[in-house]
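Please have the sequence and the model open while I speak.

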Amino acid sequence: MSGQSEGQGKPRERTEAQLAEFFGRGEVFARQLITENERLRQEIADYDAGGETPVIPAGVVEELISRVAELERELAENEANEVKKVGDIVVQPSQIGADPAIVRELEARCVALTEEVASLGEGLSALEGENYHLATLYIILQQLHAATALGDVVQTLTEVCLNFIGVGGFSLYVIDEERQLVFPLVREGASIDELEERPLADDGPLAAIAGLGRPWQGGDPVPHEFGVLMYLPLVSGERLVGVITLEAYLPQKSALTDSDFAVLAMLSEHGGIALEKVWVGAHATEAQLTRRAIEALLFD
Amino acid sequence: MNVDRDSARRATVLVVDDSPPMRKMIVFALSRLPGLELVEADDGVDALRKIAGAQFDLIITDINMPILDGLKLVKRLRADERYVNVPIIIITTEGAAEDRQRALALGANAYLTKPIRGREVLTLVRGILEGSGH
């Protein structure tokens with residue numbers, strides 16, 4: 001039994017020793033916990049006081065990395081779908097499958113179209129100018145042929161020279177067939193008293209236009225001499241009925257244009273016809289229109 | 001351009017010139033503006049008579065005219081408070097700088113010299129009418 005008592009005594013001592021060691025370690029651990037707790041409290045106090053940079057909470061960094069990746073993806077997509085402008089036309093690759101070859105072809109077509117539109121604009125402008133020019137010719141022509149008196153013809157010739165051609169100094173001579181000369185009838189821009197009758201058979205440009213035998217046309221030489229920019233014959237058929245001498249431009253005019261020459265060519269022909277018509281009208285006898293007389297004109 | 005469709009009342013323009021072909025050419029040039037109502041007068045007195053009987057949004061006048069010339073017409077209109085703000089364009093053969101200055105000083109809004117180009121008149125009239133809300 002004594003052996004058992006001794007045996008029982010030793011385990012007890014071991015147990016007590018183990019307990020002492022356990023509690024000793026527990027005490028040390030408890031002190032470490034207290035110390036760590038105090039350190040953490042101090043950190044919290046420092047953070048609250050703003051004295052130290054806060055620690056980034058776990059997960060925030062991962063979230064940010066994820067967001068950056070997402071933005072990079074969006075950027076890449078936007079670059080692929082970059083909107084291109086050619087003139088006023090917007091080309092968006094995503095709408096056409098983002099094929100660069102198609103985009104380049106479309107760009108080239110847009111450039112060509114832009115140039116074509118500009119060219120059409122110029123053409124339209126030229127057509128408008130031509131339209132205005134033709135309207136000018138038509139209105140002058142209408143005015144000349146509507147004239148029933150010499151005063152109307154003279155007025156129209158004056159307005160055309162002044163307002164449509166831009167000549168501020170000019171004279172209208174009319175032929176005296178009996179004496180084979182032209183005499184001044186009206187003058188604009190200077191005194192008519194300075195002008196004299198002029199024989200058709202002189203050596204100058206007057207003789208040249210008198211011998212033309214037809215209206216002056218664009219492309220013909222421009223008969224002129226000192227003090228006269230142009231001699232314009234007024235001719236009805238082959239009959240010279242008058243001459244206009246253009247003497248000075250208006251201050252805002254410096255030269256005759258192609259349009260002016262077209263108007264002058266028309267005046268040369270239809271101004272002459274208008275002058276002859278009012279002359280014939282002034283010397284015609286009044287006669288009723290009758291079937292017999294009209295048929296006689298056609299068939300006899 | 002909204003000279004025609006958008007305005008409650010059609011814009012009305014008076015063209016004053018003693019030269020019938022010149023009036024016709026101005027009217028022709030302006031006929032490119034759709035919806036514009038164009039009235040013609042052959043001198044200043046005729047113009048005053050027509051102005052008294054209608055409301056005009058723009059007056060285009062020559063200077064050299066019998067009875068009442070264009071400058072006197074401008075002066076008469078600017079002296080009447082009813083017509084103080086009606087735009088006036090002078091179209092004339094008088095190309096000297098002093099003629100231009102005199103016309104503008106009397107109250108004309110613009111000054112063009114003959115011979116005119118259709119597009120030039122059209123552009124000026126369109127600009128003035130649009131500027132005045134037509």
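In chain A, residues 24 or more positions apart account for 51% of the contacts with a separation of 6 or more; two residues are in contact if their C-beta atoms, placed from the backbone, lie within 7 Å. This is a predicted model, in which local features need pLDDT of at least 70, side-chain atom pairs count only at pLDDT 80 or more, and totals for chains, interfaces and linings use all residues. Residues are numbered from 1 along each chain as its sequence is written, while chains are lettered from A and ligands numbered from 1 in the order in which they are written.

Chain A has 300 residues, of which 20% count as buried, that is, with 20 or more other C-beta atoms within 10 Å of their own C-beta atom, 12 or fewer being exposed and the range in between partly exposed. Its secondary structure comprises 7 helices and 7 strands; helices (H or I, at least four residues) and strands (E, at least two) are DSSP runs, numbered from the N terminus. Read from the N terminus, the order in chain A is α-α-β-β-α-α-β-β-β-α-β-β-α-α.

I turn to the interface. Here 18 residues of chain A are in contact with 16 residues of chain B. On the chain A side, the elements that give two or more residues are α3 (100-146) and α4 (150-165). The largest share, 7 residues, comes from α3(A). By class, the chain A side divides into 9 nonpolar, 7 polar and 2 charged residues. Ala, Val, Leu, Ile, Met, Phe, Trp, Tyr, Cys and Pro count as nonpolar, Asp, Glu, Lys and Arg as charged, and the others, Gly among them, as polar.

Which residues does B:Ser19 contact, leaving aside its neighbours within four places in sequence? They are A:Glu159 and A:Asn163. B:Ser19 lies in the loop between β1 (12-16) and α1 (20-30) of chain B, and is buried, with 24 other C-beta atoms within 10 Å.

Finally, a helix pair within chain B. Helix α3 (residues 70-78) and helix α4 (residues 97-106) of chain B pack at an angle of about 20°, with their axes 9 Å apart. α3(B) and α4(B) are therefore roughly parallel, a term for angles under 35 degrees, with over 145 as roughly antiparallel, 65 to 115 as roughly perpendicular and the rest as oblique. The contact is made by B:Leu71, B:Val74, B:Lys75 and B:Arg78 of α3(B) with B:Arg102, B:Ala103 and B:Leu106 of α4(B).

Note on methods:
Axes are lines fitted to C-alpha atoms, for helices over the stretch in contact, and angles run from 0 to 180 degrees between N-to-C directions.
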